[in-house]
Amino acid sequence: MTGLFYVSAVVAVIACLAAVTRANAMHALLFLVTGLFAIALVFLALGAPFIAALEVIVYAGAIVVLFLFALMFLNFGPQAVGREMQQLGAHGWAAPAALSAVLLAALASAIVSSDPRFTAQAALTAVSPVSIEDVGASLFGGYAVAVELASLLLLVGLVGAMWIGRQRSGVLALSGTSAEPPARLAGPDSVPVPDNQREGETVT
Amino acid sequence: MSASAAVPLEHVLLLGAALLAVGAFGALRRRNLLFVLVSIEVMLNGAAVAFVGAGARWQQPDGQIFVLFIMTMAAAEVAVGLALLLRIRAVTGSVDTSGLDRLRG
């Protein structure tokens, strides 16, 4: 299990780094799936098989599929990779890299130089993983209110996503949007509206 | 299953910090909103790794429960974020964050 942890940790960091630096969005999402699988293996090595399964089902399954649907709706086109490559050119790496390196150094120094509860003597001598029964009993015991709030959050997210992403044309037109010019009615995959036309449609 | 017999907690926390830094780097570096959302997912996973490690260290289920809440929050955030992304694309014709400086309908 120790070897599984370290191998999965290296794979996770490399795959996530690739996911945030690739120019091709589809490749980046596939690297993200790889990284999420590696993180699921880390959870398995740490004695949390339930969370490992949820990581695969919810994150690598549902959330990345949502990203893929959005990517297909966006329809970036063949020149998008070239644009991203141009934007990811030589300049502009220094400041984000320096800031995140400072963040990592601060966190690492806080972790390494902390009290002996974190050090190697206090290794994760988890003789038994925390069982699913414990998680479920605690989830619907002391955390019952938080579970209800999480369900409310999901409902708000659902309604909010529906409201933001609604089609503002045809029979689905809602009040207050009737003053839009016909250029907006063609949907998300219409041609980009030039600037001089965009100026005129914000009068409402 | 004698899991994680010799993994110190600080290595788990270092992995979480590394994932957080990678995600922060991506969120600062990228201009495409889709990649910014991907970077935020990586950052949330770093926090989840730290939670699971601490839960395994003290043999408490609370760490795993908080990872459940992180996943719930990430699902809601991604749904709203991607809806906003499609809306921004429909209105401005681009998903570049550097073009979003007008703040008008």
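Helices here are DSSP runs of H or I, at least four residues long, and strands are runs of E, at least two, all numbered from the N terminus. By that count, B:Gln59 sits in the loop between α2 and α3 of chain B. This is a predicted model, in which local features need pLDDT of at least 70 and side-chain atom pairs count only at pLDDT 80 or more, while totals for chains, interfaces and linings use all residues. Residues are numbered from 1 along each chain as its sequence is written, and chains are lettered from A and ligands numbered from 1 in the order in which they are written.

**The α2–α3 pair of chain B**

- Helices α2 (residues 33–57) and α3 (residues 62–92) of chain B pack at about 175 degrees, with axes 9 Å apart.
- The two are therefore roughly antiparallel, a label for angles over 145 degrees.
- Axes are lines fitted to C-alpha atoms, for helices over the stretch in contact, and angles run from 0 to 180 degrees between N-to-C directions.
- Contact means C-beta atoms, placed from the backbone, within 7 Å.
- Residues of α2(B) in this contact include B:Leu37, B:Leu44 and B:Phe51, and those of α3(B) include B:Phe66, B:Ile70 and B:Leu85.
- The contact residues divide into 16 nonpolar, four polar and two charged.
- Nonpolar covers Ala, Val, Leu, Ile, Met, Phe, Trp, Tyr, Cys and Pro; charged covers Asp, Glu, Lys and Arg; the others, Gly among them, are polar.

- B:Gln59 has a phi near 55 degrees, a positive value in a residue other than glycine.
- B:Gln59 counts as partly exposed because it has 16 C-beta neighbours inside 10 Å.
- The scale is: buried at 20 or more other C-beta atoms within 10 Å, exposed at 12 or fewer, partly exposed in between.
- B:Met71, in helix α3 of chain B, is buried, with 22 other C-beta atoms within 10 Å.
- The C-alpha atoms of B:Met71 and B:Leu44 are 8.5 Å apart, across 27 residues of chain.
- Not counting residues up to four places away in sequence, B:Met71 touches A:Leu54, A:Val58 and A:Tyr59.

**Core and chain contact**

- The largest nonpolar core has 78 residues; A:Phe43 and B:Val52 are among those touching the most other members.
- Such a core joins buried Ala, Val, Leu, Ile, Met, Phe, Trp, Tyr and Cys residues through C-beta atoms within 7 Å.
- α2(B) gives the most to this core, 16 residues.
- In all, 76 residues of chain A contact 70 of chain B.
- α3(A) provides the largest share of chain A's side, twelve residues.
- That side divides into 62 nonpolar, twelve polar and two charged residues.

Technical notes:
Angles under 35 degrees count as roughly parallel, over 145 as roughly antiparallel, 65 to 115 as roughly perpendicular and the rest as oblique. Two residues are in contact if their C-beta atoms, placed from the backbone, lie within 7 Å.
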